[in-house]
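Visitor: Hi! I'd like to get to know this protein a bit. Can you walk me through it?

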Amino acid sequence: MKKFNFILCLAITGSLLTACGDNSENSTPESSVTETQATTTTEKSLESPEEVDDEENYETGDASLDNIRNQDGIGDNELLVVSFGTSFNDSRRLTIGAIENALESAFPDFSVRRGFTANIIIDHVQRRDGILIDDVKNALDRAVENEVRTLVVQPTHLMNGFEYNDIVDEVAQYSDAFEKVVFGEPLLTSDDDFRRVEQAIVDWTSDYDDGKTAICFMGHGTEAESNGIYRKMQDLLTADGYENYFIGTVEAEPSLEDVVKSVKNGSYERVVLEPLMVVCGDHANNDMAGDDPDSWKSVFEAEGYEVECIMRGLGENADIQQIYIDHAHTAINSIN
């Protein structure tokens with residue numbers, strides 16, 4: 001009897017309703033390039049961590065250094081790491097790639113493979129760099145063709161929002177293709193996840209915590225109820241005495257205007273900006289650190305603050321990687 005295990009998914013949804021109201025070796029074999037994947041683009045939801053414009057950006061690093069993890073010869077057990085993705089090559093390798101590497105080290109009995117949900121990014125990278133990354137459908141088809149028996153899906157998403165639910169729905173269409181399928185939780189699911197992420201970002205920015213600096217993290221935001229994770233993180237930081245830490249979003253609430261107002265209520269001389277996103281991609285480089293007058297950097301500079309932008313994604317942080325490992329471990333332990 002084949003089994004499609006939604007137990008963890010239901011637990012995730014319940015915990016979010018309670019807790020917050022509610023991205024070495026590289027290979028691109030020609031045989032992996034399908035016409036459907038190369039030409040398909042999908043609309044992105046508001047929680048998507050990166051947008052891609054029409055202009056090709058060749059200043060994002062060497063794509064050949066990234067292991068796109070679309071190899072065959074998977075074996076019986078696969079750990080499919082699903083990310084929205086990023087076209088910023090260095091960030092993709094240092095964030096999503098680092099999470100995948102950490103999972104591979106933690107679970108040597110599983111073949112770690114990659115799937116991106118954003119075909120627009122897949123197409124962008126293929127057109128610009130000649131490298132094709134599997135979308136989720138291609139990754140699942142590859143698993144089927146390789147006769148994978150046990151499939152563990154670990155998203156790198158921050159929350160259980162639209163993107164996460166879309167992944168669950170897409171994998172559900174393959175439920176009869178595998179003997180067992182289980183899901184790992186997104187980054188911010190349980191209260192313990194929030195505490196661990198809080199400690200990780202506070203430790204990461206401790207050198208800037210001098211009493212005169214406002215430390216501001218920029219998330220993406222979503223129309224889903226799971227957008228409450230940002231307010232929950234803000235409330236946790238404030239309650240724990242990190243009153244100079246501020247959380248905002250690009251597309252939702254709290255907004256940049258909310259963050260600026262909160263910072264102005266203090267007596268800060270400097271502002272440090274950092275993305276609260278797995279990758280340091282388009283939003284971080286443009287909406288946060290860009291030179292346009294409406295970027296976060298420009299807005300704070302116009303208010304008279306000295307501004308420094310820290311260009312790194314959460315996926316680079318070892319403590320964040322460990323949370324994904326722990327979530328995958330819980331999913332694997334649920335297999336029986």
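Visitor: How much space lies in the second largest pocket?
Guide: Please keep in mind that this is a predicted model. The second largest pocket holds about 210 Å³ of space.

Visitor: And which residues lie nearest its centre?
Guide: Those are V250, D287, D294, S295 and W296, out of 13 residues that line the second largest pocket. Two elements, α10 (256-264) and α11 (282-288), each give two or more residues to that lining.

Visitor: How does the lining divide into nonpolar, polar and charged residues?
Guide: You'll find 4 nonpolar, 4 polar and 5 charged residues there.

Visitor: Speaking of charge, how many salt bridges are there?
Guide: The count comes to 20 salt bridges. In general, side chains of opposite charge can pair when their charged atoms come close.

Visitor: Show me one! What does R92 meet in a salt bridge?
Guide: The side chain of R92 meets that of D66, with 2.8 Å from N to O. R92 sits in helix α3 (residues 89-94), while D66 is in the loop between α2 (35-39) and β2 (77-83), so this pair ties together parts that are 26 residues apart in sequence.

Visitor: Are those two buried or exposed?
Guide: R92 is buried, since its relative accessible area is 0%. D66 has 2% relative accessibility, so D66 counts as buried too; the cut-off for buried is under 20%.

Visitor: What about D134, which residue does it form a salt bridge with?
Guide: D134 pairs with R142, and their closest N and O atoms are 2.8 Å apart. Both D134 and R142 are buried.

Visitor: Where do K232 and D191 lie?
Guide: The side chains of K232 and D191 meet in a salt bridge at 3.1 Å, N to O. K232 is in helix α9 (residues 228-239) and D191 is in helix α8 (residues 191-204), so the pair ties together parts 41 residues apart in sequence. D191 counts as partly exposed, because its relative accessibility is 40%.

Visitor: Which residues do shared partners join into one network?
Guide: Salt bridges that share partners link D66, R69, R92, E100, E104 and R114 into one network.

Visitor: Let's switch to the nonpolar side. Which residues touch the most other members of the largest nonpolar core?
Guide: They are L79, L103, F107, L187, V197, L276 and I320, in a core of 53 residues. Helix α13 (residues 318-333) supplies the largest share of this core, 7 residues. As a general point, nonpolar side chains in soluble globular proteins tend to be buried together.

Visitor: What does L276 touch?
Guide: Leaving out residues up to four places away in sequence, L276 touches L158, I201, F217, M218, G219, Y230, I247 and L314.

Visitor: Now the backbone: which peptide bond is cis?
Guide: The bond from E253 to P254 is cis, with omega near -5°. P254 is in the loop between β7 (245-249) and α10. For background, most peptide bonds are trans, and most residues other than glycine have a negative phi.

Visitor: So what is phi of R69 and of E147?
Guide: Phi of R69 is near 55°, and phi of E147 is near 60°. R69 lies in the loop between α2 and β2, whereas E147 is in the loop between α6 (136-145) and β4 (150-155).

Visitor: Is R69 buried or exposed, and is E147 buried or exposed?
Guide: R69 is buried, at 2% relative accessible area. E147 is exposed, at 63%.

Technical notes: Residues numbered from 1 in each chain as written. Predicted model: local features only at pLDDT ≥ 70, side-chain atom pairs only at ≥ 80, totals over all residues. Heavy atoms only, no water. 1 Å grid on protein atoms, 1.4 Å probe; cavity = no way out; pocket = protein on both sides within 12 Å on 5 of 7 lines; lining within 4 Å. Points joined across faces, edges and corners; volume = space filled by probe spheres on them. Helix = DSSP H or I, 4+ residues; strand = E, 2+ residues; numbered from the N terminus. Nonpolar A, V, L, I, M, F, W, Y, C, P; charged D, E, K, R; others polar. Salt bridge = Lys/Arg side-chain N within 4 Å of Asp/Glu carboxyl O. Buried < 20%, exposed > 50% of the residue type's maximum accessible area, 1.4 Å probe, protein only. Core = buried A, V, L, I, M, F, W, Y, C linked by side-chain atoms within 4.5 Å. Contact = heavy atoms within 4.5 Å.
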